[in-house]
Amino acid sequence: MWAKWINKLENTRKKKEAIDMKAEYINSFYVATQDVFKLMFDLDVRKKELKVVEDMIPSRDLSVLLGVTGDLKGSILFSFPNNMTLNMVEIMAGMKIDKIDTFVSSALGEVANIIGGNALTNLSDKNYQCDITPPQVFIGQHSTISPSEEKALLINLGTTIGDFDINIFLSKN
């Protein structure tokens, strides 16, 4: 799925900086995101953009950071706009939600945690044994939370209730 996009990125960049990230890492998170959004929210997720970023910076109003340990190490950062987050939690809770609070941030952390768990299950089918750390939820704009000097991939995804981003930084341990 993502191999063609990653190759295109590599071939079109002015400076050939190594992206030591395999398409199977990206595919695992993309498929898990599609599955969770379909199951939990009855929403289709579509690819919009893939780009290399220098730092993992929350790009939207609410973000959830997951750490990955084991055969792979790194971080996954999900970033959502406020309105999309409220809509997601309304669907989950079955009631009107009109403000970001601890209930909403906890629910969003759980969505990211489920996606992360499903993605790592997908990777285990490819003989990678990994675990995720508990989610950390960030509200508002924050500075860089990049775990290293390495580049990350930012995947912009779209749904009918809004667009969101997933930053992926994974490497072999």
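Q: What covers the buried residues of helix 4?
A: This is a predicted model, where local features need pLDDT of at least 70, side-chain atom pairs count only at pLDDT 80 or more, and totals for chains, interfaces and linings use all residues. Residues are numbered from 1 along each chain as its sequence is written, and side-chain values use heavy atoms, leaving out hydrogens and water. Helices (H or I, at least four residues) and strands (E, at least two) are DSSP runs, numbered from the N terminus. The cover includes helix 2 (23-41), strand 2 (62-70), strand 3 (72-80), helix 3 (82-93), strand 4 (130-132) and strand 5 (136-139).

Q: Is Asn-167 buried or exposed?
A: Buried means under 20% relative accessible area, exposed over 50%, and partly exposed in between (1.4 Å probe, protein chains only). Asn-167 sits in strand 7 (residues 162-172). With its relative accessibility at 0%, Asn-167 counts as buried.

Q: Which residues have the most contacts inside the largest nonpolar core?
A: A nonpolar core is a set of buried Ala, Val, Leu, Ile, Met, Phe, Trp, Tyr and Cys residues joined through side-chain atoms within 4.5 Å. The largest one here has 37 residues, and the ones to look for are Phe-37 and Ile-76.

Note on methods
Contact means heavy atoms within 4.5 Å.
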